[in-house]
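Student: I have just opened this structure. Could you take me through it?

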Amino acid sequence: MLKKSFLAVLILLVLTACGNKDEKMSDEERDKVIEDGTVGFEMMGGNVEKADNVPEEDEKAILASFDEYIAALNAEEIDRYMNTISKNPKGFKYDEEKTYASEVFDQFDIKREVENVTIAKYESEEAQVFANMKMHSLQLETNVEHESAGRQVTVFVKEDNDWKVTSVFYIGDDSQSSTGN
């Protein structure tokens with residue numbers, strides 16, 4: 001049973017990437033996203049440089065949207081969380097995300113800590129926010145805890161004058177992950 005619980009938690013964290021449904025993308029779609037520059041920098045490297053073309057007003061709005069996205073996830077408030085999501089996301093389907101996030105909120109207590117939050121790429125209608133992330137999760141039914149860390153790029157689009165999450169890319173760091181009771 002513990003192995004199944006561990007596997008469920010691991011799959012949840014790797015596949016969801018804090019709401020990411022990119023497992024639904026085909027290989028061709030994923031290649032196109034990378035080729036088109038949706039993630040316009042290397043996630044595996046050391047330092048991520050801040051985009052130098054971000055207007056101050058947009059920088060404040062984008063970072064506030066990112067903070068609200070993380071806060072809504074940590075609070076496990078589905079309506080608040082869905083308010084941070086684009087109505088037409090590229091990385092997942094809006095209605096499926098709502099159902100899936102509700103299930104995750106019911107089954108797990110997950111808290112995210114972010115560091116090194118940086119707007120790494122900016123255009124007037126799209127921004128990519130990089131962050132180092134640590135996740136602490138507790139599967140409520142089994143009381144199994146899991147710690148993981150990784151690097152995440154949250155892609156925002158401007159929608160009705162607000163910045164909304166359209167896709168999420170996450171790379172986990174196995175050296176910082178652990179599971180226990």
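**Rings, helices and a hairpin**

Tutor: Let us begin with Tyr-81, which is buried, with a relative accessible area of 1%; buried means under 20% relative accessible area, exposed over 50% and partly exposed in between, with a 1.4 Å probe and protein chains only. Please note that this is a predicted model, in which local features need pLDDT of at least 70 and side-chain atom pairs count only at pLDDT 80 or more, while totals for chains, interfaces and linings use all residues. Residues are numbered from 1 along each chain as its sequence is written, and side-chain values use heavy atoms, with hydrogens and water left out.

Student: How many aromatic pairs does the structure hold?

Tutor: The structure holds four aromatic pairs. Rings of Phe, Tyr and Trp (its six-membered ring) pair if their centres lie within 6.5 Å; planes under 30 degrees apart count as stacked, over 60 as edge-to-face and the rest as tilted. One of the pairs joins Phe-66 and Tyr-69, which are tilted at 45° between the planes and 6.2 Å centre to centre.

Student: What kind of pair do Tyr-81 and Phe-105 make?

Tutor: Their ring centres are 6.1 Å apart and their planes stand at 75°, so this pair is edge-to-face. Tyr-81 lies in helix 4 (residues 78–82) and Phe-105 in helix 5 (residues 94–107), so the pair ties together parts that are 24 residues apart in sequence.

Student: Is Phe-105 buried or exposed?

Tutor: Phe-105 counts as buried, at 11% relative accessibility. Ring pairs link Phe-66, Tyr-69, Tyr-81 and Phe-105 into a cluster.

Student: Changing topic, what pattern does the protein chain follow along the sequence?

Tutor: The pattern is α-α-α-α-α-β-β-β-β-β, with five helices and five strands.

Student: In which sense do strand 1 and strand 2 pair?

Tutor: Strand 1 (residues 108–123) and strand 2 (residues 126–139) pair in the antiparallel sense over 13 bridges; two strands pair if DSSP finds at least two bridges between them. They form a hairpin with two residues between them, and Lys-111 stands opposite His-136 in strand 2.

Student: And how much of the protein chain is buried?

Tutor: Of its 181 residues, 45% count as buried.

Terms used: Helix = DSSP H or I, 4+ residues; strand = E, 2+ residues; numbered from the N terminus.
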